[in-house]
Amino acid sequence: MHQMTLTELARGLKAGDFSSRELTTSLLDRIERLDGNINSFITVTREQALAAADAADAARAKGDDRPLAGLPLAIKDIFCTQGVRTSCGSKMLDNFQAPYNATVIEKLQAAGMIGLGKTNMDEFAMGSSNESSFYGPVRNPWDETAVPGGSSGGSAAAVAAGFAPAALGTDTGGSIRQPAAFCGITGLKPTYGRVSRYGMIAFASSLDQGGPMARSAEDCAHLLGAMAGHDLRDSTSVARVVPDYLAELDTPLAGLKIGLPKEYFGDGLDSEVESAIREAIKVYESLGAKVCEVSLPHTHLAVPAYYVIAPAEASSNLSRYDGVRFGHRCDNPVDLEDLYKRTRAEGFGDEVKRRILIGTHTLSEGFFDAYYRKAQQVRRLIRQDFLDAFDEVDVLMGPAAPTPAFDLGAKKDPVSMYLQDIYTIAINLAGIPGISVPAGFSGKRPIGLQILGQHFAEGQLLNVAHQFQQATDWHRRSPTDQETN
Amino acid sequence: MQWETVIGLEVHVQLATQSKIFSGASTAFGAAPNTQACAIDLGLPGVLPVLNEGAVAMAVQFGLAIDAEIPETSLFERKNYFYPDLPKGYQTSQMAQPIVGKGEVEIVLDDDVRKRVRIHHAHLEEDAGKSLHEDFHGMSGIDLNRAGTPLLEIVSEPDMRSAKEAVAYIRAIHAIVTYLGISDGNMAEGSMRCDVNVSVRPKGQETFGTRAEIKNVNSFRFVERAIEFEVERQIELIEEGGKVVQETRLYDPDQDETRSMRTKEEANDYRYFPCPDLLPVMLDSAYVEHQRSTLPELPTDKRNRFETDLGLSTYDAGVLSATRPMAEYFEAVLAVCGDAKQAANWVQGELSGHLNRENIDIRNSPVTPEQLGGLIQRVLDDTINGKAAKQVFAALWNNEGQSADEIIEARGLKQVTDTGAIEAIVDQVIADSPVQVAQYRDAEPEKRGKMIGYFVGQVMKASRGTANPQQVNSVLKQKLDEA
């Protein structure tokens, strides 16, 4: 059961091959047995999960045929879940029990899904390796000496390790797509505004977007359909009809125009990654797609612009963690300043502090124009690059990350870590959707193909990814293939 | 040396929305601490603001009332600083692109001189909570009920030249916002708070002196006193060879002085940047015109109309238009009785006297404008005399009858104008007062005028106040003088 897709599990539940309780129990037991090494969960909510599974079974017996009802899900610990610790991977929120559910959680619960627990992540989603978590690094299920990617590393690892058929992630600069690539699963970052951010703990508000991580594009289509939609509680969510993503999956790709941004195939790209991507493109050609080279001329400015805008917003978003109302508070503060300084010094890890410092600096009087305003101008140029490219082609394709998963502890220099996101970050700046699908291996470590589409073209991306998965079986590989039990 | 005072004001007006500017929590005043603060007001992780459209409408109405430009696009920004009663670590405010652009307010000074004060802009922002430093044994209490209450900050140009002008300006703002119904204007509850920028310069000098900002002054009287103290302090300082430093000061009403809070060097860098959680506010001309169509008559227009069309004195027009409830009461009385002068006299006289004595707001007056108008009608048509009218008013005030007519009828207060009946009473009084009659008739003619009062009183008493006083007077004169 632990290797089945959501779609297959839904079929099994419907046919009565197993109950939701049996499925949920089996996964919870598996997590208990095997997650010690992987460390993909921060909190497992066994009791709530079993109660929800029983309720789903009872409802099914009475004729409930909602497609996602009774199916388990892992939840990145950045989504507020009522009554459950919501840590965001930080000591700062280690004691924080959210008093409310995020909109996405509400929607998936209403669809009948069962939360297994909260997955590990880089602290406040700041990182590309899951090593900045207060709860320790996550190991890549394919190779436990490798990172799972980040920041949604726990979610990606949990799906790859067979702990959950699907998971929720968030993506601010690649945090769904890069770990999906590193762990050999499918991960979609929707268009900014497609999925409500309400209850999703903010890192960089103008870039953050929640999305599904699963074993197939089809599963992502199921999940996105349930997650997406306008939310009156999020002014930046877009009032636009959610299409039936499943209905588009089988559209043939003959005549599809694929653009390969030349900037995504330059220096720094690992040769095995490049050849895997080029092989994947050949598959598309065999499906009738037309391929051409395009240019995104401002690509080299994406990482610098991102590391002005995201830390600027983060420095403000993280000001609320002051020890006054919730979360960590230092012992015996002597005065207000001491309370602030020690609470924040103790509660935040190094990467978070680094970004707060960067952001505070770039917003400071005298620096604002040179950094923040300039970065916003660059952002518009980057967005225009994509709009221009989409005048010529339907989708863009390239690697999700320049290398396969790297070794734990390998990247000590923050800038080399930041460069991990070189192919993903511009997408967040432009607000467009992107998906990463498994497309090969470098030794034991998976490689991800990234597909990018126009704003609100999630249906097309899922279709293009699904057709690839009909023609290949990379997404069916599992690190658990060799398990004996 | 002759000194000139230069004053600019930032007035924070609490808008009268039911819920907060970015959340659905109630804005009602006086609830138990932290009972009106929802997840959004507390700044819990993951929450997002949603702009209250009511606050936008109110800001636009204010803008239209001061003839301001309403920009098509305005923007919310974050003002970042740490303080325990600021839950998110930033205040959502407006900076570069406020919702209300340049405008103008007319103020009226004591000697009826009118002056225009320019408004630089007005912007929307959220209020912070309150820090309570007493009764917590060395700690501070935080009440976040007020956090997120919508404020309109109205920023004037430095156009005022005296404390009196500053107060007149605040009164004008108060009148506008209460007329519009966008604020209750209750200064004691903090619905209007002022930051006062004060500087002095030698008379005739063009450039401004260095200013001090006095924060959070919350009554008309304190504004006046704070400015007077501050002006004196600055002049003394300069005349003794010192220099005014740019700083923030606090007014202490108990000591009647201002004290330094922080200097410019210690000022925060607020790191303003556009709030990524809120979209720009886009207002098209149809929206603005719709808001314009909802505007009531404004205080200045009303005052001018009372004076020009109704023929009231400048003073009366000013008093009766000072607040919207006062103006509405007066106009309702006028609608019933049709006589502006009488309506003005009664509202400012008998009614205001009673209201002030018992400290009752005109909106809760026990005498309705319809009742008062009905009473004035009976005075105008001579049904009752002035004395009886006061009795009727008292009866209405004490709820001893539904209308003036009912009370007049029940108490037999109808004025007696029948000359025969009055003559009969006069004859009786003269017959009953031989001593007084003799004294009157012995007196010099010029002293008689005073002495007749006794007889008038007797006649009124005998008629239980209903005799027409003018008639009584002339009949008495005639009968006393004829012998």
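Predicted model: local features only at pLDDT ≥ 70, side-chain atom pairs only at ≥ 80, totals over all residues.
Residues are numbered from 1 along each chain as its sequence is written, and chains are lettered from A in the order in which they are written.

Chain A comprises 16 helices and 11 strands; here helices (H or I, at least four residues) and strands (E, at least two) are DSSP runs numbered from the N terminus. For 485 residues, a compact globule would have a radius of gyration near 23 Å, and the 21 Å of chain A agrees with this. That radius is taken over C-alpha atoms, and the globule rule is 2.2 Å times the number of residues to the power 0.38. Along the principal axes, the C-alpha atoms of chain A fill a box of roughly 65 × 50 × 45 Å. Of its 485 residues, 58% count as buried. A residue is buried if 20 or more other C-beta atoms lie within 10 Å of its own, exposed if 12 or fewer, and partly exposed in between, with C-beta atoms placed from the backbone. Among contacts in chain A between residues at least 6 apart in sequence, 76% join residues at least 24 apart; a contact requires C-beta atoms, placed from the backbone, within 7 Å.

Chain B has 15 helices and 15 strands. Its radius of gyration of 30 Å is well over the 23 Å given by the globule rule for 483 residues, so chain B is more spread out than a compact globule. The corresponding box for the C-alpha atoms of chain B is roughly 95 × 55 × 55 Å, and 41% of the 483 residues of chain B count as buried. An assignment that is automatic or drawn from a database divides chain B into domain 1 (3–288), domain 2 (297–411) and domain 3 (419–481). The C-alpha centres of domain 1 and domain 3 of chain B lie 66 Å apart.

The two chains meet in a contact that takes 36 residues from chain A and 25 residues from chain B. On the side of chain B there are 16 nonpolar, four polar and five charged residues. In this classification Ala, Val, Leu, Ile, Met, Phe, Trp, Tyr, Cys and Pro are nonpolar, Asp, Glu, Lys and Arg are charged, and the others, Gly among them, are polar.

The interior comes next. In soluble globular proteins, nonpolar side chains tend to be buried together. A nonpolar core is defined here as a set of buried Ala, Val, Leu, Ile, Met, Phe, Trp, Tyr and Cys residues joined through C-beta atoms within 7 Å. The largest such core has 222 residues, and those touching the most other members are A:Leu73, A:Val159, B:Ala59, B:Phe62, B:Ala166 and B:Val196. Helix α2 (residues 163–180) of chain B contributes the largest share, 12 residues. A second, separate core of 34 residues includes B:Val333, B:Ala340, B:Val392 and B:Ile407.

Attention now turns to the annotated sites of chain A. An unreviewed UniProt entry assigns "domain: Amidase" to residues 22–462 of chain A, and UniProt lists A:Lys76, A:Ser151 and A:Ser175 under "active site" (unreviewed entry). These residues span 100 residues in sequence, yet no two of their C-alpha atoms are more than 11.1 Å apart, so they gather at one spot. UniProt positions are given in the numbering used here, feature names are shortened, and annotations may be inferred rather than shown by experiment.

A:Lys76 lies in strand β2 (residues 72–76) of chain A and counts as buried, with 31 C-beta neighbours inside 10 Å. A:Ser151 occupies the loop between β3 (114–119) and α5 (153–160) of chain A, and the peptide bond leading from A:Gly150 to A:Ser151 is cis, with omega near 10 degrees. A:Ser175 is found in the loop between β4 (166–171) and α6 (177–183) of chain A; with 37 C-beta neighbours inside 10 Å, A:Ser175 is also buried. Leaving aside residues up to four places away in sequence, A:Ser175 touches A:Ala125, A:Gly150, A:Ser151, A:Ser152, A:Gly169 and A:Thr170.

In chain B, B:Arg271 has a positive phi of about 50 degrees although it is not a glycine. B:Arg271 sits in the loop between β13 (257–263) and β14 (273–274) of chain B and is buried, with 25 other C-beta atoms within 10 Å.
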